[in-house]
Amino acid sequence: MAHIAIVGDGPGGLSAALFLAKAGETVTVFGTDETALHYAYLYNYLGVAEISGSDFQRVARDQVTSFGAEMHAGRVATISPADEQFRLATEDGIEVTADYLILTEGKNPALAESLGLEKTEEGIAVDREYRSSLDRVYVVGRSARPRRSQAIISAGAGATAAVDILSRESGKDYQDWDSPPD
Ligand SMILES: Cc1cc2nc3c(=O)[nH]c(=O)nc-3n(C[C@H](O)[C@H](O)[C@H](O)COP(=O)(O)OP(=O)(O)OC[C@H]3O[C@@H](n4cnc5c(N)ncnc54)[C@H](O)[C@@H]3O)c2cc1C
């Protein structure tokens with residue numbers, strides 16, 4: 001079982017956390033719930049007629065924790081690669097070591113830049129699975145595509161990165177498919 005650390009608790013980070021925790025991986029999400037969504041009112045999230053950004057966040061956080069993801073209400077100050085893992089330290093002294101990193105810092109990807117990840121004119125460089133230039137580090141949402149800032153785009157990116165990690169861990173394409181209960 002892999003340990004995945006997710007920096008950022010907006011729709012990108014929480015979507016990744018949902019897929020990973022639901023699959024039984026160990027997931028730690030860092031964030032202080034300061035997403036831009038608290039200024040939003042959503043009419044453009046497919047499957048949801050309308051919802052305030054704050055209500056969306058509350059439902060999403062409950063959904064993620066119900067599957068066992070751990071949420072840390074703190075800012076990550078530093079990340080250092082360590083023996084094929086990553087050591088994260090928060091401003092209030094919490095330390096976690098993880099096998100994969102998903103960075104969803106929003107419009108200011110300071111930690112992604114501190115790791116020296118390659119950039120493009122638009123943002124942090126990623127491939128279509130949201131893999132960055134550093135192995136096992138993913139960058140999703142506004143940090144990777146600042147000009148495409150929509151909640152559902154960030155959530156889709158988080159899901160894509162999570163399914164890629166689950167596929168790598170299982171050694172085959174991973175599908176998260178459920179059927180209606182009896
Ligand atoms: C006024 C306004 C209205 C909007 N209306 C809509 C709308 O109607 N529909 C729509 O689809 N989108 C809307 N948006 C855009 C939407 O809010 C963003 O597209 C979305 O929030 C991006 O999600 P994200 O996960 O990529 O990043 P964010 O939501 O920005 O989340 C990043 C999170 O990471 C945290 N973070 C950053 N650094 C660290 C660190 N070092 N340690 C821990 N945590 C960290 C931040 O505090 C934040 O909570 C609106 C935005 C604004 C400002």
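Predicted model: local features only at pLDDT ≥ 70, side-chain atom pairs only at ≥ 80, totals over all residues.
Student: Which order do the three strands of the open sheet have?

Tutor: Strands here are DSSP runs (E, at least two residues), numbered from the N terminus, and two of them pair if DSSP finds at least two bridges between them. In this structure the order of the open sheet is E6-E7-E8, and the pairing is antiparallel. Its edge strands, E6 (76-82) and E8 (95-98), each pair on one side only.

Student: How many bridges join E6 to E7?

Tutor: Six bridges join E6 to E7, which covers residues 85-90, and the two strands run antiparallel. Val-76 stands opposite Thr-90 of E7, while Ala-82 has Gln-85 as its bridge partner in E7. Two residues lie between the strands of this hairpin, where Asp-83 takes a positive phi near 50°.

Student: Over how many bridges do E7 and E8 pair, and what lies between them?

Tutor: E7 and E8 pair over four bridges, again in the antiparallel sense, and Arg-87 stands opposite Thr-97 in E8. Four residues lie between E7 and E8 in their hairpin, and Gly-93 in the turn has a positive phi of about 90°.

Terms used:
Residues numbered from 1 in each chain as written.
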